Amino acid sequence: SSGINAEYGDYNKERVAKVGANAAAAEWILKNEGCVRGSGAKTWIEDYGGISSCYSPSFKIAHIRVKGGDITSGGCQHFRGLEHVKTIDFAGCINVGDYGLEAICNHCFRSLESIDISRTGVTCSGQKH
């Protein structure tokens with residue numbers, strides 16, 4: 001990772017209102033060196049070449065993978081409105097801490113089946129979420 005780009009890290013309410021929670025979250029994840037897979041999809045969207053499918057109203061993020069990327073706790077507010085996320089792999093995302101994990105848990109607790117937060121900034125007390 002080359003450092004955090006604040007433009008890509010923060011939650012953008014206006015963007016969410018314009019394109020929807022799933023598309024805005026997909027944009028955020030792709031901009032931060034990650035990839036997403038929609039509910040029922042077999043292939044990962046790994047770059048902006050595949051972003052167009054994320055703008056469909058039927059697109060729902062089910063799987064997220066960002067290994068060692070620039071994801072931050074503040075950006076984890078992008079999980080608002082995501083109701084189908086089953087797996088998250090944030091291994092090595094050192095800028096995700098307790099606040100980020102709390103945001104994820106608050107917004108995805110109904111659907112989340114597994115999360116990898118190894119080598120992140122999440123502390124033992126943060127894991128209580």
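Predicted model: local features only at pLDDT ≥ 70, side-chain atom pairs only at ≥ 80, totals over all residues.

Modeller: Residues are numbered from 1 along each chain as its sequence is written, and side-chain values use heavy atoms, without hydrogens and water.

Colleague: In what order do the elements of the chain run from the N terminus on?

Modeller: Helices (H or I, at least four residues) and strands (E, at least two) are DSSP runs, numbered from the N terminus. The chain holds four helices and four strands. Their order is α-α-α-β-β-β-α-β.

Colleague: What percentage of the residues in the chain is buried?

Modeller: A residue is buried under 20% relative accessible area, exposed over 50%, and partly exposed in between (1.4 Å probe, protein chains only). Of the 129 residues in the chain, the buried share is 43%.

Colleague: Is Glu 33 exposed or partly exposed?

Modeller: Glu 33 lies in the loop between α3 (21–31) and β1 (35–38). Although not a glycine, Glu 33 has a positive phi of about 70°. Because its relative accessibility is 43%, Glu 33 counts as partly exposed.

Colleague: Which class of accessibility applies to Arg 119?

Modeller: Arg 119 belongs to the segment after β4 (114–116). Its phi is positive, near 60°, in a residue other than glycine. Since the relative accessibility of Arg 119 is 58%, the class is exposed.
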